[in-house]
Amino acid sequence: MNKLYVGNLSPSVTVEDLQQLFGERKLPVAEQVLLKSGYAFVDFPDQNSAIKAIETLSGKVELHGKVIEVDYSVPKKLRSRKIQIRNIPPHLQWEVLDGLLAQHGTVENVEQVNTDTETAVVNVTYATKEEAKEAIEKLTGHQFDDYSFNVSYIMDMDAALPVQTPRTRRGGRSSRDQGPPQPGPSGGFGAPRPRQHDFPLRMLVPTQFVGAIIGKEGLTIKNVTKQTQSKVDIHRKENAGAAEKPITIHSTPEGCSSACRMILDIMQKEANETKTTEDIPLKILAHNSLVGRLIGKEGRNLKKIEEETGTKITISSLQDLTIYNPERTITVKGSLEACCKAEAEIMKKLREAYENDIAAINQQANLIPGLNLNALGIFSSGLPVLPPAAGPRGAVTPVAPAGYNPFLSHSSHLSGLYGVPPASAIPHQHSQQAPEQEVVYLFIPTQAVGALIGKKGQHIKQLAHFAGASIKIAPAESPDVTERMVIITGTPEAQFKAQGRIFGKLKEENFFSAKEEVKLETHIKVPSTAAGRVIGKGGKTVNELQNLTSAEVIVPRDQTPDENDEVFVKISGHFFASQTAQRKIREIIQQVKQQEQKHQQGAAVSPHHSK
């Protein structure tokens, strides 16, 4: 467990050089150093010092002119189900980490490692080696706040046992009977989950090159799929007569990038042979709801990619979008090598945005019992539909055609927007007790009021009917106010539906620019006795709430409680961030009320017992 591989060494490096380096970095002197040509194996006395060596040296230290790489030395046959994740923010909540881990498979065990580092380290065991491999691919470099996860295989001694065969694992008892499954959004049904969240690369290519990409009798495209281990769909029958055709590539991020490179290379060679003088740009299709996060605040993300790759990137106008085509075209111009580098960075940003939305919507489904996200129909106006890949036993329930699915084909009219089969999120659970009515104060731009009300009030009436909520727009406090308050009263599900439609309407009507994500301020009232609990000791709870939800949460100080002894909490963020924060705060309020009731009941019973 404590044997490390030190790579990218200069041929001139000696054992003494390595030992001197360890001493300078205040690392314990390695018990054994085995130096080979260009690399070395080093034994450290314990796991703590091994972790410190990896985090201190790998990619950060230059030795004889070369930056060295340090990681665990794990033989291939022992790279199986166990991984280690380092550089985890110390303030990251367990439930957030559980959610991230569960996105990639069934987690059998999570163990925190005691280290001297400021950040946290955990050892994770997945149910299968395929899930562990996916977790390494997806979580390596995963950004949380200003921290970037480092992930490695660690030795899985079970993998070396001859009795360890697929047959023994199929029963699901050998390891799971030792304890309950780990909590998290995976649901804990006991069976390894299939690979989820396939996020394909979508390209647009000139129709004139489609024949060359396919090749004689399909040999060229077969070669691409074989070499890159990808599934490549060329939608040549879509949009007859169109100048460009879409291509969808399903694979790992590396597989998608390799296939993209091969296709660009094929087109360039065909252009040279046919003496087409124009450079062929790379065109990537992306759902509009993800593009804002690719662009970044004030275009910073896009500018950074352009500078780092030496490319020029443009994005098609919002005006080109329709309800049947919510994709925008990202055009990358530059050399073949530069375009390929840009593709990897663009897709990395899009995948991160997509996976964050997946996590948010799965969390939302857990926070509102009985909420059927597909039935809400709030996403046709620009917000993504992100149903879980399957229902409780892997069953996928078809729903009526409703929206556009660009990852299946251009003419498919299905409710999913990301190539995930449409599914019922969770069935409605009818409770004996009617859900409590909640009041939310949502602030929208003043100029958006007319669009929300609609002609003769038709839109706001339809919205209230659809959501099952009361929706009222408060009078303006003065003629020059920039925001108006919308008062929404209804159950948690009614709130979700009403607020979701309002967010979508503002995007649809272009009240926010192409470079902006719709972020609104929401106020909810909480009992003054619960305000302290929302803040937490030293602001701990509110900080954790902000890290968990990505929303800004403020409890203004020195508020005077109203006639109902309530004060305001302000929440700012995009739709899912705001919803998650609202639900979490409601949970805190409920806990406070339950504690107060118990206290009152105890006070009422105590005189009786004293007799």
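Biologist: Between which strand and which helix is the loop that holds Asn-8?
Modeller: Ground rules first: this is a predicted model, in which local features need pLDDT of at least 70, side-chain atom pairs count only at pLDDT 80 or more, and totals for chains, interfaces and linings use all residues. Residues are numbered from 1 along each chain as its sequence is written, and side-chain values use heavy atoms, leaving out hydrogens and water. Helices (H or I, at least four residues) and strands (E, at least two) are DSSP runs, numbered from the N terminus. With that settled, Asn-8 lies in the loop between strand E1 (3–7) and helix H1 (15–24).

Biologist: What is phi for Asn-8, in degrees?
Modeller: Most residues other than glycine have a negative phi. Asn-8 is not a glycine, yet its phi is positive, at about 60 degrees.

Biologist: What is the relative accessibility of Asn-8?
Modeller: Buried means under 20% relative accessible area, exposed over 50%, and partly exposed in between (1.4 Å probe, protein chains only). Asn-8 counts as partly exposed because its relative accessibility is 31%.

Biologist: In which strand does Asn-87 lie?
Modeller: Asn-87 also is not a glycine and has a positive phi of about 60 degrees. As for its place, Asn-87 lies in strand E7 (residues 82–88).

Biologist: Which side chain makes a polar contact with the side chain of His-235?
Modeller: His-235 sits in the loop between strand E14 (231–234) and E15, and counts as buried because its relative accessibility is 8%. A polar contact is a pair of N or O atoms within 3.5 Å; within protein, one must be able to donate a hydrogen and the other to accept it, and residues adjacent in sequence count only if both atoms are side-chain atoms. At 2.9 Å, the partner of His-235 is Thr-248.

Biologist: How many Å lie between the C-alpha atoms of His-235 and Pro-246?
Modeller: In sequence, His-235 and Pro-246 are 11 residues apart. In space, their C-alpha to C-alpha distance is 5.7 Å.

Biologist: How many salt bridges does a search of the whole structure find?
Modeller: The criterion is a side-chain nitrogen of Lys or Arg within 4 Å of a carboxyl oxygen of Asp or Glu. One example is Lys-231 with Asp-233, whose closest N and O atoms are 2.9 Å apart. Over the whole structure, the number of salt bridges is 15.

Biologist: How many residues apart are Lys-283 and Glu-244?
Modeller: These two form a salt bridge whose closest N and O atoms are 2.7 Å apart. Lys-283 is in strand E16 (residues 282–287) and Glu-244 in strand E15 (residues 244–250), so the pair links distant parts of the chain, with a separation of 39 residues.

Biologist: Are Glu-438 and Arg-586 buried or exposed?
Modeller: Glu-438 and Arg-586 form a salt bridge, with 3.6 Å between the closest N and O atoms. The pair, 148 residues apart, joins strand E19 (residues 438–445) to helix H18 (residues 575–610). Both Glu-438 and Arg-586 are buried.

Biologist: At roughly how many degrees do the axes of H14 and H15 cross?
Modeller: Axes are lines fitted to C-alpha atoms, for helices over the stretch in contact, and angles run from 0 to 180 degrees between N-to-C directions. The axes of helix H14 (residues 458–467) and helix H15 (residues 492–508) come within 8 Å and cross at roughly 145 degrees.

Biologist: Why is helix H9 largely enclosed by the rest of the structure?
Modeller: Helix H9 spans residues 288–295, and its buried residues include Leu-290, Val-291 and Ile-295. Gly-296, with a positive phi near 80 degrees, follows H9. The helix is largely enclosed because the buried share of its residues is 7 of the 8.

Biologist: What percentage of the 611 residues is buried?
Modeller: The protein has 18 helices and 24 strands. Across its 611 residues, the buried share is 48%.
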